[in-house]
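Thank you all for coming; I would like to take a few minutes to walk through one model with you.

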Amino acid sequence: MADDAAAQLYQAFVSQDPAGAIAVVEASRHSGLEQAQLFDQLFAPAMSLLGGAWASGAIDEVTFTQAAVVAEQITSFVTPPAASKDTGVTVLIGSMHRDYHSIGKDVIGAALKEAGHRVVDLGVDVRPAEFLERVEETGSRLLIVAAEMTATARSVVRVREMLTSAGHEDVVMLVTGGPFAADVSLAKQVGANGVVRGVESSLKIVQKIVRDRLGGGT
Amino acid sequence: MPTRKGSKDRRVQRASKPATSTPKPKPAPAKRSEGPVAAEAAPAQPGKAPRRNPMFPIGVNYYPLDAETQGWDDWYSGDANADFERLAEARMSLVRVFVSWKVLEPQVGQYDEDAIERLQDVIDAARTHKLQVIVCFFCDDRLAEMLDVPWGKKRDPRTDSYLIQREVALIQKVVNRFRAETAIFAWDLANEAFCSGFSAAEELESWIETMREAVREVDPERPVIVSIDPETLFRHTGVDPRDAIDTCEFAVSHATAAYRVFAAEGPITSGPSTYLDSFLLRSAARDLPVLLDDVGVFSLDFSPAEEAVFVRNVLYSGLMNRAAGIVARRFRDLDTERREPYFRDPFEVLVGLADTEGEPKPALSELESFARVAARIDLRRYGLAQERTAVLIPAERYEPLPSLAGLYDPRACLQAFVQAKQAHIPVAVAREIDEFDRYSVLIVPSALSLADETWERAKAFVQAGGSLLCSYGGGDTHPAIREVFGIEFLGDGGGREELSCRVAQVDVLGSLASFDARIDIPNFALLGHGGATVVATDAKGSPLLTMNQFGQGRAVYIAAPLERAISQGDPWAAPPAVTEMIRTVYAAVASASGCGAPVECDHPEVELALFAGEQDDILVLLNHGIEKITATLAFDRTVASISDVRGGKPTAVAGVTFGVPLDANGAAALRLSYG
Amino acid sequence: MAERSQQLALAEGLARQGQVQPAVEACYQALRLDESEALTHCLLADLMLTGDFYDEAISSAARAIEMDPSCSPAYLALGLAYDRRGGMWDQSILVWHELAEVEPDLVTAHVQLGEAFSAAAFDDEAIEAWRRALELDPAEARAMYNLAVAALKKEGMATALPGFRKAGELDPSQDDLFFSLAGICDDGNPAPDPAEVAPERQARLDAAGALAFEEDFFSAAELIRLILDENPEDPEALGLVAYLYLKQEAVNEAMACALRALSISTRTPTAVYCLGVAFSKRPGLSRNATRVFAALAKAVPKQPMPHVLYAESLLGLQRYAHAQQAYRTAIALDPTCVRARFGLAAVLMTEGRFAEAQWEIRRAAYYDTRRQGLFWRLYDVYAEGRA
């Protein structure tokens with residue numbers, strides 16, 4: 001079945017028939033081939049046939065190049081999307097008031113975005129009241145506060161206090177930055193639910209929280 | 001330990017000194033009433049945990065200014081009580097304070113009594129919080145202009161005879177005023193930033209002698225010190241201060257920013273850099289106890305987390321390598337102007353244990369946590385065994401350019417020290433002029449040459465049963481090598497980009513493995529057979545590793561300067577096969593000489609120190625790596641149980657082996673009871 | 001005068017041979033004859049830098065510049081010494097700036113200036129300097145690596161990664177990997193004339209490889225065509241032609257040929273390499289690229305570049321810890337691998353380990369300038385100019 005489809009796809013390539021190529025892909029999908037399998041099980045064998053045909057002289061150089069153009073045109077049908085699927089989870093991220101360090105926050109924010117989360121970057125020097133405002137505005141229940149200096153790290157407790165006083169005890173507050181990495185107890189002291197130690201840790205923790213506490217989305 | 005009674009810890013007197021130096025009379029040990037630190041030396045009451053370790057004081061430098069916006073006349077203008085309370089809470093027992101000559105003597109011969117009262121206030125605050133004070137007289141912190149007396153007319157305070165007279169007068173004024181003060185622990189004549197202005201060893205020695213006499217005329221008892229590290233000062237100035245330091249009651253060791261870049265560039269939380277402080281400590285330790293000074297990071301480049309890890313590493317390294325006490329670099333971060341870029345000077349003192357607001361940083365928690373552990377190790381009951389292995393720093397290290405030995409040797413010796421540590425061998429650092437009798441194994445790493453007389457002494461050392469381990473340093477070799485190592489030297493084979501090892505004799509020098517590794521080797525000695533056992537060769541059969549029985553001892557020769565090759569390459573990326581070979585050879589030689597690892601451990605990056613007691617022992621472990629690990633330890637007798645020295649229930653072991661989980665850069669201190 | 005030149009020539013000869021100790025001694029001897037010779041001080045500075053003795057290098061290079069402010073190799077030595085010593089960014093910026101003025105077309109001066117700015121947190125100025133370097137030489141890989149790291153700091157890995165890949169393609173070490181997999185080494189001889197190649201498979205394949213090495217892709221392709229006309233199922237010929245297509249940005253053709261080669265024999269490393277590179281050019285195919293490069297790294301574990309390529313593909317999957325491991329493996333195999341050092345720096349940044357990242361970048365700069373033989377280039381031009 002897959003071999004037939006690959007042969008059809010190859011034929012569409014050499015016939016310079018993008019529509020036909022798309023039809024082959026769609027037919028394969030309908031017959032139960034998953035999106036993630038299309039590249040390996042359909043596109044790659046068709047490309048191999050194309051390479052073989054060129055090597056054996058069955059098609060000439062010009063046909064080969066034109067077939068490659070058709071293949072290019074339908075690539076988006078067979079490859080997984082570059083960006084991850086939207087998780088529906090909104091994550092607020094910002095550096096604490098009086099803290100102007102941005103690199104760590106930016107890198108983590110970008111990675112979460114890449115992983116499909118809806119990231120709202122509040123920037124640097126964010127006052128606790130602004131965190132609260134944006135929590136209420138977005139309805140997000142997940143907040144990451146960055147602080148790279150001991151003094152600003154300590155003052156993160158004010159964000160928790162503000163959330164609590166406004167009745168948002170359920171908001172999960174994660175913290176990140178050198179002082180928290182050095183002293184886990186500091187995170188507890190400021191009322192954080194967890195410490196993010198870099199990008200990979202942020203992806204894992206957010207995924208876990210979404211699964212365990214937020215029921216899949218906010 | 002440096003108590004106010006001077007040193008009681010002169011375990012071994014150095015037997016010989018360079019022929020040129022004249023012995024100096026040692027000051028009589030001080031006899032003074034017990035101060036707060038000494039009072040805590042009394043055995044802890046049963047059930048009550050000691051807060052501090054009286055034999056191992058921990059403290060911090062307390063600089064007069066905390067912000068660049070302050071002026072020189074703001075010298076100690078704030079109230080120190082709150083800060084000292086925090087220090088006492090953190091279980092510290094020492095502070096070093098710095099005299100400002102400019103503030104105290106604004107006009108020639110006229111002392112500002114208000115300023116002296118300010119110093120009195122600082123000392124009072126220290127006493128109130130049971131802190132002992134080291135008073136440093138002539139120092140430069142690159143900010144408070146403490147030496148810059150306006151009437152000095154820019155003359156050099158180190159050599160100008162008139163200014164030296166005024167310095168004597170200042171010292172006597174201050175010492176006279178405070179000599180009855182119980183909170184004073186020691187008089188510190190000068191810091192390294194000041195001493196780096198000397199251009200000749202004789203001038204430094206003469207200045208120290210003059211100042212020391214000035215103190216002694218008024219206070220015959222308290223320890224007098226000078227806060228210079230012999231290695232770093234020599235590196236920066238070419239002035240060898242060792243004879244000057246010998247006149248003091250205890251020595252001081254510290255790494256400066258520039259020295260760290262020179263000897264152990266790179267990440268500060270893993271690799272050779274984490275052994276630098278203990279190397280310098282060992283290097284400074286001659287017959288005097290050594291205060292490990294200026295502990296802390298040296299630039300604003302690091303995160304608080306890195307600062308904390310770094311401080312933890314140095315603190316434990318100090319304890320495990322016989323420091324007599326520890327002084328942290330600075331209490332509070334200097335509030336600098338918001339300027340970029342940031343310029344680093346060799347005597348960096350910007351970074352503290354607390355931030356500019358005085359809020360403690362993670363490094364302070366580390367220090368407090370360490371002090372809690374150190375307090376539980378009673379150094380009168382538990383002690384490290386005498387180190388019987390030494391890395392020998394050759395005399396050529398003191399040669400000026402164009403000889404590169406002075407640049408190569410410290411790095412090669414540091415690498416040898418690291419490898420010995422990673423082989424878990426208790427190791428010291430010795431100089432070529434030292435007596436060798438106290439050691440069983442001498443490691444001479446990649447030296448270009450040793451003095452003729454040293455070869456004679458080394459020969460006698462091996463003949464009498466010592467083990468000598470030497471790696472070829474390049475050039476021609478000494479004729480004594482033929483005899484001691486049993487090899488014929490056929491010339492220098494030049495550099496190679498690859499090192500190959502083929503093991504010829506299995507298990508003669510530990511369980512070596514053959515390998516090919518990419519490493520730039522600057523030289524390779526071409527050796528002919530002269531009686532030694534060829535343990536390993538290169539890929540083409542040229543001897544790489546030989547062992548020779550000579551007299552009652554053994555001599556092991558490595559045909560390439562491997563320690564230097566590692567240090568001149570990329571010490572963090574040294575091929576594991578090469579470092580493992582060096583470690584294996586070091587370990588095998590030390591074990592065969594009866595001074596190998598007291599405890600076996602499967603992780604080279606874990607440093608071990610066994611403090612032996614009568615009934616039980618204390619084992620301190622420090623992970624120099626950035627990975628979390630479980631170190632498996634193996635003992636030669638059954639361990640009944642282990643417990644954390646800080647308390648807690650013992651865990652039964654009833655075996656000769658057990659695992660200790662260690663966090664990345666983590667440390668542990670365990671009490672071991674035997675069955 | 002003659003004796004002086006002779007002594008300097010001796011020092012220079014020894015330094016070029018890498019004989020550090022005798023070269024240093026010869027420099028001191030030359031300085032005894034003429035203390036004011038900038039070239040000698042400059043030579044001494046480079047020797048000290050070779051040994052990682054930064055303070056000594058700074059002092060000698062500064063002396064050379066004092067003697068002759070147009071001594072460009074001394075600026076290079078001085079700047080590198082400041083950079084590697086660390087913490088002296090204000091000095092470093094000044095030196096690179098001056099070198100860029102003395103040698104306005106020297107690309108490396110702009111790259112280094114950018115790195116000094118970046119280390120001092122002047123990010124915009126840094127980016128400007130790297131862009132200037134790329135204007136001078138669009139193939140300046142290190143400027144592009146730096147721009148990728150700058151993009152990472154501001155916009156995250158997804159933006160940075162294409163930059164790393166693009167820089168990687170400029171970096172000759174990736175092509176070196178292909179040729180090493182294909183068993184083609186540079187013997188110093190020119191590639192044969194295609195018309196004179198013996199009509200045998202191996203001779204044609206070797207000649208095609210040599211022509212590809214010289215970037216004569218059309219002649220190489222013609223020879224491959226002849227091989228395939230005789231045997232269309234020659235996997236090695238298909239692997240090589242896949243590379244030729246890749247070099248001409250024909251990714252699909254390359255993919256088709258590589259896939260065909262692998263359907264004939266899975267043990268064709270050149271085809272595995274081309275397939276991985278083709279996959280890595282498609283953002284959605286990170287997972288496929290990872291699989292392919294993992295296989296390549298396993299097949300040739302002693303080569304650093306497959307580990308780098310594997311690491312880069314892992315970055316695309318946000319698997320940073322594994323990427324770090326792969327980069328470290330590459331660096332252990334080849335400490336001079338600039339691409340791996342930059343990649344590792346990027347991963348360290350994702351973990352908030354900025355100081356370590358900076359150190360890796362400094363190290364990359366050192367190896368890159370060494371690899372280019374930049375000091376000697378400047379030295380020769382300067383000496384010639386004076387003569």
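This is a predicted model: local features need pLDDT of at least 70, side-chain atom pairs count only at pLDDT 80 or more; totals for chains, interfaces and linings use all residues.

In chain B, helix α18 (residues 576-592) lies across strands β12 (389-393), β14 (441-444), β15 (467-471), β17, β18, β21 (543-550) and β22 (553-558), and its direction is at about 100 degrees to that of β18(B). Helices here are DSSP runs of H or I with at least four residues, strands are runs of E with at least two, and both are numbered from the N terminus. Axes are lines fitted to C-alpha atoms, for helices over the stretch in contact, and angles between N-to-C directions run from 0 to 180 degrees; a contact, in turn, requires that the C-beta atoms of two residues, placed from the backbone, lie within 7 Å.

Residues are numbered from 1 along each chain as its sequence is written, and chains are lettered from A and ligands numbered from 1 in the order in which they are written.

Let me turn to the sheet itself. In chain B there is an open sheet of nine strands in the order β13-β12-β14-β15-β22-β21-β20-β17-β18, with mixed pairing, where two strands pair if DSSP finds at least two bridges between them. At its edges stand β13 (427-431) and β18 (515-521) of chain B, each of which pairs on one side only. On average, and with direction ignored, neighbouring strands of this sheet are turned by 25 degrees against each other. Strand β17 (residues 496-503) of chain B runs antiparallel to β18(B), and five bridges join the two; across this pair, E498(B) stands opposite R518(B).

How is chain B divided into domains? An automatic or database domain assignment supplies the bounds, and chain B comprises domain 1 (51-375), domain 2 (389-592) and domain 3 (600-674). The centres of domain 2 and domain 3 of chain B, taken over C-alpha atoms, are separated by 31 Å, and four residues of domain 2 of chain B are in contact with five residues of domain 3 of chain B.

Also in chain B, strands β26 (residues 629-644) and β27 (residues 651-662) run antiparallel and are joined by nine bridges, with V639(B) having G655(B) in β27(B) as its bridge partner. Their hairpin has six residues between the strands, and in it G647(B) takes a positive phi near 125 degrees.

Moving to chain C, the axes of helices α14 (residues 235-247) and α16 (residues 269-280) come within 8 Å and cross at roughly 30 degrees. That angle makes α14(C) roughly parallel to α16(C), a label used for angles under 35 degrees, with over 145 being roughly antiparallel, 65 to 115 roughly perpendicular and the rest oblique.

Finally, the contact between chains A and C takes 36 residues from chain A and 33 residues from chain C. On the side of chain A that touches chain C, α3(A) gives the most, with ten residues. The contact between chains A and B takes ten residues from each of the two chains, and α9(A) gives the most to the side of chain A that touches chain B, with four residues.
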